[in-house]
Every structure is written in structure tokens, then in C-alpha cells.
Amino acid sequence: IIEDNGIGRTKANEINAKKMKYHTSMGMSVTHDRIEKLKKINNLNTAYTIQDLLDENGNSLGTRVVLILPINKSDS
């Protein structure tokens, strides 16, 4: 579990849109591709979720990413 207390994805997207940001982040795309390859190559049950953390008024409290990666125990 990876969690931060930043401004959240919605606000970050709003700021980047106003700046006409030309950089495209590849982090989640690369992570998604790697997880999909693990599923296919090793037939592993892997997954990830991204959760926007909100307070009771809907204000951002940050973001949580949950990665599910099985442990491979060898008999060596």
C-alpha cells in the first residue's frame, strides 16, 4: 500500500490543465503494463487499485495505491 497526503488526482489534473502541461506521466501506464505481463507470463493473480482519499465533505486527503503481488516461494 502506497499512500500520500497530497492534493489528490482531481486537483492535480486541474492544475496541469491550466498550465497546459505538455509532459505526460508514464508511471501508472508502465506499472499497468508490467502487472499485465506478470499475469500472462507467470499466470499470477496480480492487481492494483487507485483510491482517492476524501474527508466527510469530499475534500481531498490524498491518494492510496494498493498493489497485490503474490509471493513466489521456491523449494530450493
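Me: What elements does the protein chain of this predicted model have, and in what order do they run from the N terminus on?

Reply: The protein chain of this predicted model has two helices and three strands, and, read from the N terminus on, these elements follow the order β-α-α-β-β.

Me: Which residues is Thr46 in contact with, leaving aside its neighbours within four places in sequence?

Reply: With those neighbours set aside, Thr46 is in contact with Ile35, Leu38, Lys39, Ile68, Leu69 and Pro70. As for Ile35, its backbone oxygen lies 3.5 Å from a polar atom of the Thr46 side chain.

Me: What makes S2 and S3 a pair of strands, and in which sense do they pair?

Reply: Two strands pair if at least two bridges are found between them; S2 and S3 have eight bridges, so they pair, and they do so in the antiparallel sense. Within this pairing, Gln51 stands opposite Arg64 in S3, while in the hairpin of S2 and S3, which has five residues between the strands, Gly58 takes a positive phi near 85°.

Me: How do you know that strand S1 pairs with strand S3?

Reply: Strand S1 (residues 2-4) and strand S3 (residues 60-68) are joined over three bridges in the antiparallel sense, and because at least two are needed, they count as paired. Here Glu3 stands opposite Arg64 in S3.

Key: Residues are numbered from 1 along each chain as its sequence is written. This is a predicted model: local features need pLDDT of at least 70, side-chain atom pairs count only at pLDDT 80 or more; totals for chains, interfaces and linings use all residues. Side-chain values use heavy atoms; hydrogens and water are left out. A polar contact is a pair of N or O atoms within 3.5 Å; within protein, one must be able to donate a hydrogen and the other to accept it, and residues adjacent in sequence count only if both atoms are side-chain atoms. Contact means heavy atoms within 4.5 Å. Helices (H or I, at least four residues) and strands (E, at least two) are DSSP runs, numbered from the N terminus.
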